[in-house]
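Hi,

Here is the structure I said I would pass on. Have a look at it first, and then read my notes below.

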Amino acid sequence: MASAFLRSSTLRQFCYSFNSRFLSSRFHSLPEKSLQNSPLASNHYELLRAFSANNRFLCTNAPNPGASQSNVNAAAQPGVSSAQSGSEKRNDGGQNSGGSENTQQQGKSVRGGPVSWMSFFLLFCTGVGLVYYYDREKRRHIEGLNKASSAVKQGPSVGKAAIGGPFNLVDHNGKTVSEKDFLGKWNLFYFGFTHCPDICPDELQKLASAIDKIKAKSGLEVVPVFISVDPERDTVEQVREYVKEFHPKLIGLTGSPDDVKKTARAYRVYYMKTEEEGSDYLVDHSIVMYLMDPDMQFVKFFGKNLDDASLADGVIREIKQHKKVKA
């Protein structure tokens, strides 16, 4: 009994292996019509179809040796219905196996793809987080810079620049003056020369306009002062005729070459003759205005890049700040 069961199991395994390997490799790859039309292979083809179908049924579905024997007897009778049923079963089996293979391939392609929905979602979240972090740090850095700059602007100045000092010059009325004559007043000093073709006239016009704007906006009195760096040509008369063209309150100062040199050195002003041709020459000099407080102490300088409105606003701001510090 045991030997019969072993033989039946061995037979089923052999039939299944033979059927799947032989038929799938030899006949499934050829079109059915080509095999049926061949005169040499038509009989063999019908026998093999019947043998394949019945053996497949025998190897997979036979529950006992009796049923297997009846199926073998049925396969021995050449009939159209048996062949057709075997063909249908074979076709169904092929379709089922092909469908399962397609399903497996689709599942593998989805699982083994380069980018899945989860990885895309994680990548997106990472990118959003990095952008948010960078934007937050950038704003924090900008706020820190703004706070630092505002703290520097609003804080009191440390120390004083070594600008200013005693001098002895002559004003445009021929009166000898010194730094003491300007105590108790806010003053704006500008160094230039009367033969200047363009820069000095422009700067003095800006100075005169700023003085009027300061008076109109804040009511503060600021004295404009012009100091010549060309003592050889800028006499008292020359300076007097020159300053009255810009503002009635503009004070012109000149003096000997030594006195002018000492004054320029005290205020850190550079000047030098250039393009000298006899008595006709130009003077290269610093283009700066110095704001001096009522104690004749240096407060701040203003360069050429400011217009009259900016100059007036800057002077007003410095004066108010100075008064707060003194209080």
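Predicted model: local features only at pLDDT ≥ 70, side-chain atom pairs only at ≥ 80, totals over all residues.

Arg-136 and Glu-137 meet through their side chains in a salt bridge, at 4.0 Å from N to O. Arg-136 is partly exposed, at 31% relative accessible area, and Glu-137 is partly exposed too, at 27%.

The structure holds eleven salt bridges, and two others are worth a look. One joins Lys-249 to Glu-221, with the closest N and O atoms 3.3 Å apart. Lys-249 sits in the loop between helix H8 (236-243) and strand E5 (251-254), and Glu-221 in the loop between helix H7 (199-218) and strand E4 (222-228), so this pair ties together parts that are 28 residues apart in sequence. Lys-249 has 46% relative accessibility and counts as partly exposed; Glu-221, with 43%, is also partly exposed. The other joins Lys-244 to Glu-241, and there the closest N and O atoms are 3.0 Å apart. In that pair Lys-244 is exposed, at 57%, while Glu-241 is partly exposed, at 42%.

Trp-117, Phe-120, Phe-124 and Val-128 make up a nonpolar patch on the surface, and together they have about 530 Å² of accessible area. Phe-120 belongs to helix H6 (residues 117-154) and is partly exposed, with 48% relative accessibility.

Just after H9 comes Arg-268, with a positive phi of about 55 degrees even though it is not a glycine. You will find Arg-268 in the loop between helix H9 (257-266) and strand E6 (271-277).

Where does Met-296 lie? Look in the loop between strand E8 (289-292) and strand E9 (298-302). Met-296 is not a glycine either, yet has a positive phi of about 60 degrees. Its relative accessibility is 7%, so Met-296 counts as buried.

Cheers

Conventions
Residues numbered from 1 in each chain as written. Heavy atoms only, no water. Patch = residues over 30% accessible without salt bridge, like charges linked within 9 Å, V, L, I, M, F, W, Y side chains within 5 Å. Areas by Shrake-Rupley, 256 points an atom, 1.4 Å probe, with all protein chains shown as cover. Helix = DSSP H or I, 4+ residues; strand = E, 2+ residues; numbered from the N terminus. Buried < 20%, exposed > 50% of the residue type's maximum accessible area, 1.4 Å probe, protein only.
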